[in-house]
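Dear colleague,

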Amino acid sequence: SAKASGRGCYSIFGPHMDALVRERAEIERDLRDALSDYSQFEVLYQPKYFAATGAIGSVEALVRWHHPTRGLISPAYFIPIAEEAGLIRELGRFVLKEACRAAAAWPIANVAVNISAVQLRDEGFAMEVMAVLAATGLAPQKLEIEVTETAWMDSFDSCVANIRALRAAGICIALDDFGTGFSTFGRLHETEVDHIKIDKMFVEGLGKNRGDEAIIQAIVELARAKGLKTTAEGVETEEQNAFLTQIGCDELQGFLFAKPMRRADVADLLSKTGWKRKAFVGGLGRSA
Ligand code: C2E
Ligand code: MG
Ligand code: MG
Ligand code: MG
């Protein structure tokens with residue numbers, strides 16, 4: 001990493017790399033500033049739908065950073081920087097509180113929060129989550145925690161105590177971006193997780209790449225054999241929807257159904273009793 005190579009070494013990368021390193025340092029500084037009052041951050045929510053009924057099962061919290069001069073910055077870019085800079089705990093706590101507060105007011109549906117391995121390694125993390133639940137009045141059964149498969153593989157041993165404490169309290173654990181870590185198939189630690197989220201890379205390949213179809217089918221079958229729930233992310237087309245529903249994937253999420261949206265829009269969506277996604281192919285016909 002840039003840090004490991006030391007401050008004096010930038011010039012060996014040439015002018016382009018210098019610019020990147022400078023930008024990275026600026027982002028880190030701005031992130032630190034933004035964490036003083038959180039006003040530049042916004043939490044959006046994207047529904048996940050039960051494939052069998054078309055109803056919303058849970059809603060995933062996804063953080064956004066509205067940078068004062070650079071505009072909207074993707075979490076895929078700034079979350080790793082926050083992790084390396086030691087800022088992810090604060091940011092993660094903010095998202096968790098926002099998400100639990102929002103979900104406590106929802107009539108139905110769970111809330112899913114992405115948690116960094118850095119947070120899961122902290123000794124007091126499970127206690128901190130319980131404190132947020134108590135403060136917001138959200139039942140533990142309504143919270144799902146998403147951990148990426150790669151983070152899970154890299155730091156399972158240091159996270160397992162928190163994972164067990166969270167699950168003992170009734171909180172579900174989902175393995176996010178499943179299939180990208182390659183080796184978890186053999187050592188899924190299936191007794192420590194509840195859900196598997198199939199990475200959108202494989203969903204994207206449906207209808208184009210027979211290998212991806214086979215991988216998804218294998219993941220769904222493995223999960224079913226182990227009693228785990230499956231969610232497919234990044235569903236964008238009717239063809240993907242039909243395939244995933246037909247092979248028995250439990251939950252679907254993607255732009256075909258809903259994009260990440262503001263908290264107030266989720267409340268509207270959920271308050272329509274029996275709200276179901278459009279173009280539902282699962283057998284009950286089309287509903288509003
Ligand atoms: P993720 O948890 O795997 O979330 C899925 C990403 O795919 C989200 O991107 C979502 O907006 C996007 N997405 C959803 N449906 C579709 C679709 O149909 N097509 C396509 N192309 N994309 C779709 P987003 O919001 O930019 O987040 C990127 C990643 O950043 C997340 O991936 C997650 O790993 C991380 N992240 C986001 N919020 C947080 C957070 O609060 N804490 C932590 N630790 N990580 C976060
Ligand atoms: Mg996620
Ligand atoms: Mg994912
Ligand atoms: Mg992802």
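**The metal site**

The magnesium ion (ligand 3) lies 4.1 Å from the magnesium ion (ligand 2), and Asp-176 coordinates both. Asp-177 sits in strand E6 (residues 172-178), while Glu-233, 56 residues apart from it, is in the loop between strand E8 (229-232) and helix H10 (238-246); helices (H or I, at least four residues) and strands (E, at least two) are DSSP runs numbered from the N terminus. Glu-233 is buried, with a relative accessible area of 8%, whereas Asp-177 is partly exposed at 23% (buried is under 20%, exposed over 50%, partly exposed in between, with a 1.4 Å probe and protein chains only).

**Aromatic rings**

There are eight aromatic pairs, counted when ring centres of Phe, Tyr and Trp (its six-membered ring) lie within 6.5 Å, with planes under 30 degrees apart stacked, over 60 edge-to-face and the rest tilted. Tyr-45 and Trp-106 form an edge-to-face pair, 5.5 Å centre to centre with 85° between the planes, and both are buried.

**How to read this**

This is a predicted model, in which local features need pLDDT of at least 70 and side-chain atom pairs 80 or more, while totals for chains, interfaces and linings use all residues. Residues are numbered from 1 along each chain as its sequence is written, chains are lettered from A and ligands numbered from 1 in the order written, and side-chain values use heavy atoms, without hydrogens and water.

Key: Donors = N, O, S within 2.8 Å, 3.2 Å for Na, K, Ca; no water.
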